[in-house]
Amino acid sequence: MSSKMSMKNKRDLLLVTLLFTILGGIFILFRLFAFQGEASTANIYYGTSNNPVVTIDFINYRVIRNYDQQVSNDYSDNYPIIDEANRTVTLLGDYELNGVRQIVVIEYNFGNKSVQIIQEQSPNHICSREGISTSFPLICLPNRIRVEFDMTDVDFTV
Amino acid sequence: MKKGISICILLISIIFLTACKKTDTLYEFSFYDYMDTYISVNLYTDSQEKADEHQTYIEDVYSEYHELSTNYEPLKTDSAYLENIYSINQKNNQVIEIDYDLYVLIQKSEEIKTLTDGYFDISVGEVVNIWKNIILDVNGDEENTTKEIPETVFQNALTQVSEIELESNVIELSDTDGHYYIQVKSTHAQLDLGAISKGYATQIVYEYLVEQGVKYFSISAGSSSIAVGQNIKRDGGVFNVELDNPVKNEIAGQAYGMIYVNDIGVTTSGNYEQYVLYQGLRYHHIVSPKTKLPMQYYHTVTILGQDLGILDAVSTALFSMPAQVLSDWIALHQEVLGIEIIQFNYDTTITTYLTDTVFEEYSG
């Protein structure tokens, strides 16, 4: 009886192990291959607006300023700042230090169609710790700036 | 029970072995410093060493042809080369020794000139510069949002180009004992390899990758020129390539159609990236050697073919041909050259000369 019981336990254990292995395998596969599509554009949004302030066009290799950020006169610069030499886009976030709104610097790369937040001020620096993204959205809070990707079937435009 | 375990193991094996099918990995690199454009290369190979080797070779090719063909600056003092287009343009009428690679490139340009009945001509740089300067002035002027140029500027350009006498066959190439020479037989003619050197270099890169057994790759040389092998991500190895709409508006959208291609080069000559308007017509950087003016027969001419070395130059030539001349030319040369054409005409209709490639025009 007891030997039969332990046999059954062993089988259960084996089954559970196998199940986990299969699930683990599927998870790894999903991570590796689920996001194989490429982004055609990355859109940078500020606040609750659904109109991107800046569009990074990975197909035609250009950065498009759609409109200026509304910023009070206390800030001397005009945002967004598009720096093509350093391949960065700088927006003014909502997070304030000593009453001054802080900038969020987004670096883009046409080669691997990726975007990374390289500078921002916030309590936990969550969005700059996200690293480089080619597909998942980068969300900066409390700066209220987000980067979202448009995936596409198009490989090139000529 | 044993059967159950076996099945499980089999299942796991299938899942993992499927994942291991792709042994090659993607390597991506890009260059900003050559041919006044952004060049990006994606290729699949099995090791970092091989990828580095390919990158070095490819960069060397673009770097060499950039140095040799630029007409903006002289060679650096420590350059490995004898002359470049800038320095040749300073020495009209002199017999100058040049490097073999530049010699072959100029020879190829002259062949394409003959092939296109003179519609492609590298010796009209002087005329091209007049139009380029007007376009640069207007596009650099942030206050001029309409891109419209005043009559005085246009008339001035016409006067300037009419004063330039274009001589035929100004380029004389010769070689003796393994030395190569050029003589530009004119007091004023200026050479401009802008419409050929990038495609020519890309062809060298393309042949290199094929020879190296790289099957999955793509080269994007600027916004209007690509060369592709097979696409690893899609059945049939196909790349989906959209054709940029040169008269973009909200209704027509950004692209006017799609082509499905692999193992081929595709390049578009167009009037829409840099141009000025005069009386509603676009004056752009592709200047007809016949009229000395930018012509308004097409908004874009897209050409597909295996020999990338001629694609850029031929599309430039076709752009200045009236529709009937182009059509007759295609009838004569399409088969031999193995090329296909998609024209976005000035009246926004589309004409195609396709043999194998599938083209889908977007509706609306």
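Predicted model: local features only at pLDDT ≥ 70, side-chain atom pairs only at ≥ 80, totals over all residues.

Visitor: In what order do the four strands of the open sheet in chain A come?
Guide: The order is E4-E5-E6-E7 in chain A, and the pairing is antiparallel.

Visitor: Which strands stand at the edges?
Guide: Those are E4 (81-83) and E7 (114-119) of chain A. Each has a single partner strand, so one side of each is left without a neighbour in the sheet. From one strand to the next, the twist averages 35°.

Visitor: How many bridges join E6 to E7 in chain A?
Guide: Five, between E7(A) and strand E6, residues 100-109 of chain A. One bridge partner to look for is A:Ser114 in E7(A), which goes with A:Asn109.

Visitor: Switching to the surface: what makes the nonpolar patch?
Guide: A:Leu19, A:Leu23 and A:Ile26 make a patch of about 290 Å². A:Leu19 sits in helix H1 of chain A, residues 2-33.

Visitor: Is A:Leu19 buried or exposed?
Guide: Exposed: its relative accessible area is 52%, and the cut-off for exposed is over 50%.

Visitor: Now chain B. What secondary structure does chain B have?
Guide: Nine helices and 16 strands. The C-alpha trace of chain B spans about 95 × 60 × 45 Å along its principal axes.

Visitor: And how many residues of chain B count as buried?
Guide: 51% of its 364 residues. Chain B exposes about 17200 Å², with 50% of that supplied by carbon and sulfur atoms.

Visitor: What about contacts in chain B between residues at least 6 apart in sequence?
Guide: Of those, 62% join residues at least 24 apart.

Terms used
Residues numbered from 1 in each chain as written. Chains lettered and ligands numbered in written order. Heavy atoms only, no water. Pairing = 2+ DSSP bridges. Helix = DSSP H or I, 4+ residues; strand = E, 2+ residues; numbered from the N terminus. Axes fitted to C-alpha atoms, helices over the stretch in contact; angles between N-to-C directions. Patch = residues over 30% accessible without salt bridge, like charges linked within 9 Å, V, L, I, M, F, W, Y side chains within 5 Å. Areas by Shrake-Rupley, 256 points an atom, 1.4 Å probe, with all protein chains shown as cover. Salt bridge = Lys/Arg side-chain N within 4 Å of Asp/Glu carboxyl O. Buried < 20%, exposed > 50% of the residue type's maximum accessible area, 1.4 Å probe, protein only. Contact = heavy atoms within 4.5 Å.
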